[in-house]
Amino acid sequence: MTRNLKIALVTGGAGFIGSHLVDLLLKKNYRVIVIDNLSGGRLDNLKQHKNNKKLTFKKININNISKDEKIFKNVSYVFHFAGIGDIVPSIENPSNYMATNVQGTVKVLEASRFSKVKKIDHLDYPAKPRWALDEKAIFLKGAGIKI
Ligand SMILES: NC(=O)c1ccc[n+]([C@@H]2O[C@H](COP(=O)([O-])OP(=O)(O)OC[C@H]3O[C@@H](n4cnc5c(N)ncnc54)[C@H](O)[C@@H]3O)[C@@H](O)[C@H]2O)c1
């Protein structure tokens, strides 16, 4: 039965960091929804969960989500990792980066707000790490999420 479990949505969940968080969230008995357009990530990163009913994968481009995107309904936590990370190409193609990393982030925030998601967190480059990701707990100090 997965109906009564809390739902965590991971954008970019097929990527490097997102897929590791998916592993941990499933282990912690969350229902997990991954949205990823597979532009940089790979389904292979999630293949160990192929038959896990608690995991839903949707190939979605965050740039195209509307504020009333249904997939955010009943989601408790959003972890936002969808983005383009390579720095040098951003000089060649800044519009693409703006669309995904800035406007796409706003779309994720708006959809989260519209669906009254409890907490949202993302990864950036803080002076001091605010992430502690281990087997015992995920404690995201910034967002106050303790899993
Ligand atoms: N890896 C690091 O050390 C590090 C450090 C600080 C910040 N970050 C940032 O954290 C985020 C995740 O990093 P990562 O190393 O896991 O990168 P990654 O490239 O492995 O993962 C990013 C994921 O986002 C997906 N994606 C890209 N554009 C998308 C879009 N428009 N819609 C939906 N999905 C999209 C990709 O397919 C990929 O699966 C990135 O934004 C990165 O810049 C990474």
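Helix α1 is followed by N29, whose phi is positive, near 70°. N29 is not a glycine, and its place is the loop between α1 and β2. This is a predicted model, in which local features need pLDDT of at least 70, side-chain atom pairs count only at pLDDT 80 or more, and totals for chains, interfaces and linings use all residues. Residues are numbered from 1 along each chain as its sequence is written. Helices (H or I, at least four residues) and strands (E, at least two) are DSSP runs, numbered from the N terminus.

**Chain overview**

- The protein chain has three helices and eight strands.
- From the N terminus on, these elements run β-α-β-β-β-α-α-β-β-β-β.
- Buried residues make up 31% of the 147 residues in the protein chain.
- A residue is buried if 20 or more other C-beta atoms lie within 10 Å of its own, exposed if 12 or fewer, and partly exposed in between; C-beta atoms are placed from the backbone.
- Among contacts between residues at least 6 apart in sequence, 66% join residues at least 24 apart.
- Two residues are in contact if their C-beta atoms, placed from the backbone, lie within 7 Å.

**Confidence**

- The mean pLDDT of the protein chain is 86, and 82% of its residues reach 70 or more.
- Over residues 132-143 the pLDDT is below 50; beyond near neighbours in sequence, this stretch has 18 contacts in the model.
- The pLDDT is the predictor's confidence in each residue, from 0 to 100.

- Most residues other than glycine have a negative phi.
- N29 is exposed, because it has 11 other C-beta atoms within 10 Å.
- L38 also has a positive phi, about 60°, although it is not a glycine.
- L38 sits in the loop between β2 and β3.
- L38 is exposed, because 12 other C-beta atoms lie within 10 Å.

- At 1.5 Å a residue, the 12 residues of α1 should span 16 Å; the end C-alpha atoms are 18 Å apart, which agrees.
- The expected span is 1.5 Å times one less than the number of residues in the helix.
- G18, S19, L21, V22 and L25 are buried in α1.
- Seen down the axis of α1, its buried residues fall within an arc of 160°, so they line one face of the helix.
- The arc is that of the directions from the helix axis to the C-beta atoms.
- An α-helix has 3.6 residues a turn, so residues three or four places apart point the same way.
- The buried residues of α1 pack against β1 (7-11), β2 (31-36), β3 (55-59) and β4 (77-80).

- H20 lies in α1, which covers residues 16-27.
- H20 is partly exposed, because it has 14 other C-beta atoms within 10 Å.
- H20 and L46 are 26 residues apart in sequence and 8.9 Å apart in space, C-alpha to C-alpha.
- L26 also lies in helix α1.
- L26 is partly exposed, because 18 other C-beta atoms lie within 10 Å.
- L26 and A8 are 18 residues apart in sequence, with 9.4 Å from C-alpha to C-alpha.
- Leaving aside its neighbours within four places in sequence, L26 is in contact with V32, H49, N52, K54 and L55.

**Ligand shell**

- The ligand is surrounded by 24 residues; the closest are G12, G15, G41, G83 and G85.
- A residue is near a molecule or strand if its C-beta atom, placed from the backbone, lies within 6 Å of it.
- Both α1 and α3 (94-114) supply at least two residues of the shell each.
- The largest share of the shell, three residues, comes from α1.
- By class, the shell has 10 nonpolar, 13 polar and one charged residues.
- Ala, Val, Leu, Ile, Met, Phe, Trp, Tyr, Cys and Pro count as nonpolar, Asp, Glu, Lys and Arg as charged, and the others, Gly among them, as polar.

**G15, beside the ligand**

- G15 is among the residues closest to the ligand.
- G15 lies in the loop between β1 and α1.
- G15 counts as buried, because it has 24 C-beta neighbours inside 10 Å.
- G15 and G41 are 26 residues apart in sequence and 4.1 Å apart in space, C-alpha to C-alpha.
- Not counting residues up to four places away in sequence, G15 touches D36, G40, G41 and F81.
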